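This report looks at how parts of one chain pack and pair with one another. Please keep the sequence and the structure in view while reading.

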Amino acid sequence: MAEADIDDLIEVIEKEGNIENIPKTLPMMPVRDIVVFTDMLLPLFVGRDKSIKAMEESVDYDRYIFLTAQKDAEVEKPGIDDVYETGTVGRVQKMIKLPDGRIKALVQGIVTAKAVTYVKKRSFFKVEIQIVADHDPEEMDIAVEALMRNVKENSEKLLALKGELSGDIGDLLSHIDSPGKLADLVASNLNLRVDEAQGLLETTETAERLKKVNDLLAKELALSTVQAKIQTDVKDEISKNQRDYFLREQVKAIHRELGESDEKLAEIKEFKAKIKRCKLPREGEEEAFKQLKRLEQMHSDSSEASVVRTYLDTIVELPWSRSTKDVLDIIRAQSVLDRNHFGLEKIKERILEYLSVRKLNPKKKGQIICFVGPPGVGKTSLGQAIAKSMKRKFHRVSLGGIRDEAEIRGHRRTYIGSMPGRILQGLRQCGTNNPVFMLDEIDKLGNDFRGDPSSALLEALDPEQNYEFSDHYLNIPFDLSNVMFILTANIADTIPSALLDRMEVIRIPGYTHQEKMEIARTHLLPRKLRDNGLIRRSITISPKAMESIVTEHTLEAGLRELERKLDTICRKIARKIAEGKKGKFTITRQNLTQYLGPPQYLTELDQEESQVGLATGLAWTEVGGETLYIEVSLFPGKGELMVTGQIGEIMQESARAALTYTKSNQEQLGIDKDAFDNQDIHIHVPAGAIPKDGPSAGIAMVTALVSAFTGRKVNNNVGMTGEVSLRGRVLPIGGLKEKALGALRAGIKHVIIPEKNKKDLYDIPKNIKTRLKFTCVRDVDQVLEIALEEIPEGDAQDPETQES
């Protein structure tokens, strides 16, 4: 206890409080984790709204306030049942309003009281109180005096153990001759639980209260005595450790004189041999021997020695000079790629070109390759096939969700538990410095206050810089130029531009139905039969059944769902065999529902026939190309536009641009001049609550709008993609190959594309071009001429009454 606090307490104790001046009704403030006793000076920081208002209200009550303890300190907004009835009337000695709205106050406990009635509860508590008087013994008998002396002596012992005893405290205790005041003073300075302190406050018999305080004080004294003993033992143990270290050093000196060795010397010798075998660069070798010398001078059991030992282990286990010999047999590589992947001819061709250049010029710095495509198209397995064809080690690191730069560059070696980044950890696991290193999900990197991992990857992936890659943990340049980095992503849009500039993007758009059927027959089905223990069984899936699985039970660009469906069929057959059924198992189109249930994906009912105000657009998503149906309905109104269907800002702008073009060209489009004034327009993009966005739905929206206003049906066999300008020009789009595959899956026969995307037709496989008719257009007039059907004579309707 500080000397200033003692002086304040003496002043409080000597001051006679006049309780007759205390109002009968007072504002009440609940306090947490403490019980206020009489004559106690308590600094308070008041932050809750009700408490602030109660503290401010106390000014009107001569600065008196009723303080009562909360039963549960976790309750943020206590009610009547959350506080004790008995508390202490306090008087605010000082009150300062802080800039953040809180109040700092110094409150003095005056007298114990009880809340009788709650006068106000809403903005703050106001209560009617009843003073609770202490019952002192009629005369100070020898038992009470002995109890008081015992409490005073134990208090001095406790303070002496804590190093807080002074002459002023002795004077303070000797001045108190009331058992109640002594009990309250000692209790307010003990670390009591709230329920223990509240029990003391509610005890009105002062002798009984002093007895309880004496028991609690004795318990605290015993605990403090044990604590002091523990601290003394710890100091003795530290002294003993220092003495033991000195003796060990003497023993080591004796061992050295005798030519003998010990465990630490053997460890140092082993590290030296490993460092020399590693063939580190000169800078790295100097740092390794420097740290080894530090380890030699440290105590073996110290935490710092553990950190240095882990660091040296990392250095000697990294493949500084270990590498595998490349097998650059182009014919064999092509065989491995063909055996593991069907189709993907352009991707295979690029990989074989890379290997050919590597064979002719082994020192050429490698291009960073990035496979971009929907999930399940074989990006990761392509990387494994490349490693297999070159007979290199393969390591994969998933970057999805990584936000900390230290995951790439490593943690600084300033605390126990730091480690290198993911790249060096992967090389350490591979044991070679030239593996095929796959960084998966590069498009899902994040960044926050801990740094930007994508920026940290720039050094690792740049062939001009990565020959001396710096990891924060290692702090020694490491050569990554021999590593073949392969990255994967679902979409390239979210990859930072600086990172994208350092890599060659190879797009894998997805598979056609025929490719999926061939892959299922030659790759997936044999693997699933083997996984489910059916390799020696007579099981066949007819071509019609396989076609139904591909077209009616899956709808994806990749193969994962198809693989799961085949797995389901194999599991059901495995169960039948396990139950004792024998013979051949043939899956046909007729019995397929027994294994997979009814078809899950059918052509949308809206597109079974051509309709007015319904156009088919094509979209490009993370999971491949998909059809996008644009619906337009007209109804009586004032020409307002409403757009729904979970669409983003870009498609909202496309809708407004499409409407503007339609309005400005209504005369040549054959739309009545009053049509836009008398009708509201509702554009809807179905497909549930799936968010949709992207600049490729403009011409589909114009087509649907013109169809709705003119009553001409939109050909259901026509799909279209392209953005529209206010002058009616059709603007180019991206992802044509993915959209073409999506159109093929949806049964579209004719695709309208912008004229400037004609060059992209070169990348579309011949089997897709033979099944889809592509028409390149320059403006919207050409689109409408192809997409809209003529109205048969006699079927024309008044566009003002047309509703789609």
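## Contacts of Phe485

Leaving aside neighbours within four places in sequence, Phe485 is in contact (heavy atoms within 4.5 Å) with Ile368, Ile369, Ile423, Phe437, Leu439, Ala460, Leu461, Asn466 and Leu480. The model is predicted, so local features need pLDDT of at least 70 and side-chain atom pairs pLDDT 80 or more, while totals for chains, interfaces and linings use all residues. Residues are numbered from 1 along each chain as its sequence is written, and side-chain values use heavy atoms, with hydrogens and water left out.

## The nonpolar cores

A nonpolar core is a set of buried Ala, Val, Leu, Ile, Met, Phe, Trp, Tyr and Cys residues joined through side-chain atoms within 4.5 Å, where buried means under 20% relative accessible area, exposed over 50% and partly exposed in between (1.4 Å probe, protein chains only). The largest such core has 50 residues, of which Ile442, Leu457 and Phe485 touch the most other members. Its largest share, 6 residues, comes from α10. Apart from this core lies another, of 49 residues, including Ile347 and Tyr354.

## Salt bridges

The whole structure holds 34 salt bridges, each a side-chain nitrogen of Lys or Arg within 4 Å of a carboxyl oxygen of Asp or Glu. In one of them, Glu317 pairs with Arg428, the closest N and O atoms being 2.6 Å apart. Glu317 is partly exposed, at 36% relative accessible area, and Arg428 is partly exposed at 30%.

Notes
Helix = DSSP H or I, 4+ residues; strand = E, 2+ residues; numbered from the N terminus.
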